[in-house]
Amino acid sequence: MEDTQSVATLIDSTTSKIQQLQKAFAELESHRAITLNLKWKELEEHFHGLEKSLKRRFHELEDQEKEFDTKTRKAREMLQKREAAVIAKEQASLLRLQEKRDAAVFAITNALEKHRKVSSEEPADVSCDGDSGELSVEEKPPDSVVSESNSEDIKSSFDNGNFEVKSYPQLVKLCEEMDSVGLHKFISDNRKNLAALKDEIPWALKAAASPARLVLESLEGFYLSQVANVDGKKDSNLLGRRRTCIMLMECLSFLLSNLDMVSVSALISEDIKEQAKSIAEKWKPKLDALDMDASNGNSLEAHAFLQLLATFDIASGFNEEELSRLIPMVSRRRQTADLCRSLGLSEKMPGVIEVLVNNGRQIDAVNLAFAFELTEQFSPVPLLKSYLKEARKASSPVKPGNASPTAQTEVSERELTALKAVIKCIEDHNLEEQYPVDSLQKRLFLLEKAKADKKRATEVAKPQPKRPRANGSGCGPRVTNVAADKTFYPRVTDRYPQYVYDRPYVYPVPADNHAPSLLGSATYNFSPSHGNYFGNGYQYQAPYLH
């Protein structure tokens, strides 16, 4: 900066130097003996030109210096941010490594203590008496426990062999009686409190004479082969039964993971494993008919099959490649990562994620990439952008002007769903710095606003049903003695505009539940298929509620 100021001072003093030179030139001219061809004007113009050129060049150098300083400052700021991010990642990695190390040491210590107890004492039988305590989950993966608070409460009870089912003591009774049918019915009747049930089922299973056999018996009826024409995707009872079967197997896995090896071997005997393998071999051919796209990553059949192999430790009898091909069918279920680890499929996950990406399931691919620490190989942000781009491309009709209202509504819903999924994925995995959600939320707001406006317009345009006659004879032809020139009521065509009947999305229920068109006729005849009318003359139809 000092050099720049000195150069600027010298340039500013150029004018005074030129004036001094002019005086010297005039004095020289007065003493000259011969005539000089050089005129002062020419010299003055020459020096002024040099002055302007120097100033212009000097200003250019100043601008370049400022630009260089700006770039240097931005580069330093970027380096500082990257350095901070690297340090944060290193600290997080060290913290995770330390947690895993501590967990491993803790598990090894507990295993040694239990081994010493088993070697010095006889194996304790599974009992269900005593007071409440806490349960040990040292052998359970951290992300498979429902919540940390629950795991701390459950921890010591399995270590002590004492527990108490407080909320649902009927569970203990059903497990003691080995009543799988009653257990299914009880869970179905109390499905509203499923979270509390799931916390107490592992405790209740300890009361059973054979928890593993009870769970195997509960799997009967997972496939209702004896009932013809049953669609598992539409039968709510069958869906509920399948979810219950999966939950019972998960609860048994949770129970086994908190027992010592001797107790596990006693509960999961070779006979039990053979029965489980027999069930798995019966289920396996049924999975061949499953469509990965149709299941949309949420197949209960594939989940139950994989959970059966994991719970009863019989995966070694099946081909790993065939098992890995089932993972995309359950990729949306929260237990998928734990299942893959239990089945020993962690090494197959890059191929599974590749399949998901190629089939347009980038959200599931990102979730699994984070679960198995494969984000370096499968970068999350490009995958999410690709998913959103494909959704918008699929949501853009070829000819927007010719698209029907129903098609336009479906297009908006698809993009709306895709935006919500991407935003949730970004927030779940803390990707806001790499992929800001501001623009996505603005677009989401615009789509939801347009949806709400269209819904209000539909509500306004929806015609009101006719009031019944006072004598209760229904809505028959109206006969009136009112003079024709009196217009107490608008004409039919004014009350029911023509365009209402050209918009199919206004009425989500079948067309035969509505009155025929009122245009061109003054008679109001309704089909007998209409239901009862109440005193206010309006028919109650659930699909109209919003």
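Because the model is predicted, local features were considered at pLDDT of at least 70 and side-chain atom pairs at pLDDT 80 or more, whereas totals for chains, interfaces and linings use all residues. Residues are numbered from 1 along each chain as its sequence is written, and side-chain values use heavy atoms, with hydrogens and water left out.

The chain holds 21 helices and 0 strands, where helices (H or I, at least four residues) and strands (E, at least two) are DSSP runs numbered from the N terminus. Of its 546 residues, 34% count as buried; here buried means under 20% relative accessible area, exposed over 50% and partly exposed in between, with a 1.4 Å probe and protein chains only. Among the contacts in the chain with a separation of 6 or more, 70% are accounted for by residues 24 or more positions apart, a contact being defined by heavy atoms within 4.5 Å.

Two packed helices are described by the angle between their axes and the distance between the axes. Axes are lines fitted to C-alpha atoms, for helices over the stretch in contact, and the angles run from 0 to 180 degrees between N-to-C directions. Angles under 35 degrees count as roughly parallel, over 145 as roughly antiparallel, 65 to 115 as roughly perpendicular and the rest as oblique. A crossing is termed left-handed if the near helix is turned anticlockwise from the far one by less than a right angle, and right-handed if clockwise. In the composition of each contact, Ala, Val, Leu, Ile, Met, Phe, Trp, Tyr, Cys and Pro count as nonpolar, Asp, Glu, Lys and Arg as charged, and the others, Gly among them, as polar.

The axes of helix H5 (residues 169-176) and helix H6 (residues 180-189) come within 8 Å and cross at roughly 160°, and the two helices are therefore roughly antiparallel to each other. Their crossing is left-handed, and in it Gln 170, Leu 171 and Leu 174 of H5 meet Gly 182, Leu 183 and Phe 186 of H6. The residues of this contact of H5 with H6 divide into 4 nonpolar, 2 polar and no charged. The buried residues of H5 are Leu 171, Val 172, Leu 174 and Cys 175; seen down the axis of H5, they fall within an arc of 165°, so they line one face of the helix, the arc being that of the directions from the helix axis to the C-beta atoms. What covers these buried residues of H5 includes H6, H7 and H8. In the loop between H5 and H6 lies Met 178, whose phi is near 55°, a positive value in a residue other than glycine. Most residues other than glycine have a negative phi.

Helix H7 (residues 194-205) and helix H9 (residues 236-257) have axes that come within 9 Å and cross at roughly 50°, which makes H7 oblique to H9. H7 passes H9 in a right-handed crossing. The contact is made by Leu 194, Lys 198, Ile 201, Pro 202 and Leu 205 of H7 together with Met 247, Leu 248, Glu 250, Cys 251, Leu 252, Phe 254 and Leu 255 of H9, and these residues divide into 10 nonpolar, no polar and 2 charged.

For helix H8 (residues 211-218) and helix H11 (residues 270-287), the axes come within 10 Å and cross at roughly 15°, which makes H8 roughly parallel to H11. The crossing of H8 and H11 is left-handed; Ala 212, Arg 213 and Leu 216 in H8 meet Asp 271, Ile 272, Gln 275, Ala 276 and Ile 279 in H11, and the residues of this contact divide into 5 nonpolar, 1 polar and 2 charged.

In helix H16 (residues 349-358), the buried residues are Met 349, Val 352, Ile 353, Leu 356 and Val 357. Viewed down the axis of H16, these residues fall within an arc of 140°, so they line one face of the helix. What covers them includes helix H14 (320-324), helix H15 (336-342), helix H17 (362-371) and helix H18 (380-394). Just after H16, Gly 360 takes a positive phi of about 75°.

A positive phi also occurs at Asn 430, near 55° in a residue other than glycine. Asn 430 is found in the loop between helix H19 (405-428) and helix H20 (438-461) and is exposed, with a relative accessible area of 62%. His 59, found in helix H3 (residues 40-120), counts as partly exposed at 45% relative accessibility.
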